[in-house]
Amino acid sequence: MLELRTCTLDELEMPLVEPFETSFGVERRRRFLIVRLESTQGDVGLGECVAARDPLYSGESVTTARWMIETYLAPLLWREGLLSPSEFSRRAAAWRGNPMAKAAVELALWDLWARRHHRSLAEELGGRRRRIEVGVSVGIQPDVPALVRRVGEYLEAGYGRIKIKVRPGWDVQPVAALRREFPDLRLWVDANQAYPPSAGSEIRRWAGRYGVDQVEQPFPEHALAAHARLVRGAPFRVCLDESILDLPTLEAALGMRALTSLNVKAGRVGGLGAGRDLARAAAGRALPAWVGGMLETGIGRAHNVALASLAPFTFPADLSASDRYYAPDLVEPPFVLGPRSTLAVPRGPGIGVEIVESVYRRHLRRHRELRRKTP
Ligand code: OSB
Ligand code: MG
């Protein structure tokens with residue numbers, strides 16, 4: 001058994017290069033946890049927790065994730081040692097919910113075990129791609145001209161598909177203006193559950209009229225029937241994000257024909273292993289899947305990019321270059337946009353990027369080394 005020597009739980013706060021506004025709020029600075037595991041033999045693994053300061057995207061927050069890790073997940077590793085990621089997930093499944101907390105620890109285990117095996121995380125997961133196709137997710141802007149300007153800049157920078165955040169009152173005009181300005185634009189929209197189930201025909205009208213390619217999570221998490229009604233005869237894809245938490249929810253949604261595209265986030269589903277399982281299940285049902293993002297730093301981004309290197313992911317990921325989020329990023333080398341709207345998959349051991357200590361220290365708000373409870 002590989003024993004745990006230290007589990008470090010750091011809380012950081014980093015300013016985003018620009019505010020990110022969604023239907024559930026504005027984020028100017030992102031608060032998050034970094035989990036660092038170290039074995040008694042000196043192996044190290046890093047994981048980033050995507051729970052935000054407030055429980056707005058889902059029920060978890062920095063505080064609940066910290067509590068979950070301190071109370072249950074770290075003690076499991078003290079007891080059982082540094083389990084394989086799949087064994088960890090199997091054991092952690094005894095506690096309900098809290099997928100973001102579970103994922104943060106699982107990610108750190110993947111990094112640690114990949115390094116121990118002298119493999120990149122992508123190799124460890126079975127990913128073959130050397131570059132992954134990406135797009136950019138654009139928050140709600142102060143006005144339509146600002147949005148058109150912003151999207152123009154991202155297209156200029158080389159992004160091949162754009163997703164904009166929408167909500168009631170910020171939908172028809174933004175998509176109409178983008179379609180007018182950029183006739184060939186591959187345009188997705190994401191509402192983060194902001195519409196009532198009764199808004200289906202209205203959404204169908206503007207999304208159809210302005211050539212939106214994909215509508216993501218327009219209705220509340222549990223409103224699968226409303227999503228299924230929107231799917232029927234829609235000239236666009238209907239993507240689920242918040243609704244899909246595991247294989248059973250994916251099966252339920254597929255059974256109802258409530259989705260035609262799947263957003264996979266390790267944090268939402270409890271880890272990279274669970275994300276890989278979902279993508280494989282989707283591929284088996286001819287459902288396109290793609291990797292979503294949660295404004296991660298280069299640490300979580302490296303995990304996401306490795307996940308996106310797997311064959312079942314066929315649509316461009318919500319994983320943009322480091323400079324779209326943080327300047328500078330927490331890691332070296334930063335992620336940069338390459339040819340044909342791609343990011344390179346790191347080839348070095350584990351996640352393949354290293355923390356820049358000076359940047360890390362500048363944004364560190366709380367440092368805690370968890371200790372083994374003496375029995
Ligand atoms: O719904 O996909 C989402 C960011 C925070 C919370 C939810 C979402 C998002 C994004 C950003 O769309 C994607 C990214 O990290 O670039
Ligand atoms: Mg989403």
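This is a predicted model: local features need pLDDT of at least 70, side-chain atom pairs count only at pLDDT 80 or more; totals for chains, interfaces and linings use all residues.
Local features need pLDDT of at least 70 and side-chain atom pairs count only at pLDDT 80 or more, while totals for chains, interfaces and linings use all residues. Residues are numbered from 1 along each chain as its sequence is written, and side-chain values use heavy atoms, with hydrogens and water left out.

- Strand 7 (residues 187-190) and strand 8 (residues 214-216) pair in the parallel sense over three bridges, and Val-189 stands opposite Val-215 in strand 8.

**Helix 6**
- In helix 6 (residues 172-181), helices being DSSP runs of H or I of at least four residues, the buried residues (under 20% relative accessible area, 1.4 Å probe, protein chains only) are Pro-174, Val-175, Ala-176, Ala-177, Leu-178 and Arg-179.
- These buried residues pack against helix 5 (144-157), strand 6 (162-165), strand 7 and helix 7 (200-209).
- Beyond its neighbours within four places in sequence, Leu-178 is in contact (heavy atoms within 4.5 Å) with Leu-147, Val-148, Val-151, Ile-164, Leu-185 and Leu-187.

**Nonpolar cores**
- A nonpolar core is a set of buried Ala, Val, Leu, Ile, Met, Phe, Trp, Tyr and Cys residues joined through side-chain atoms within 4.5 Å; the largest has 95 residues, and Ile-162, Ile-164, Leu-178, Trp-206, Leu-262, Leu-319 and Leu-330 touch the most other members.
- Helix 12 (residues 298-308) gives the most to this core, with six residues.

Key:
Chains are lettered from A and ligands numbered from 1 in the order in which they are written. Two strands pair if DSSP finds at least two bridges between them. Helices (H or I, at least four residues) and strands (E, at least two) are DSSP runs, numbered from the N terminus. Buried means under 20% relative accessible area, exposed over 50%, partly exposed in between (1.4 Å probe, protein chains only).
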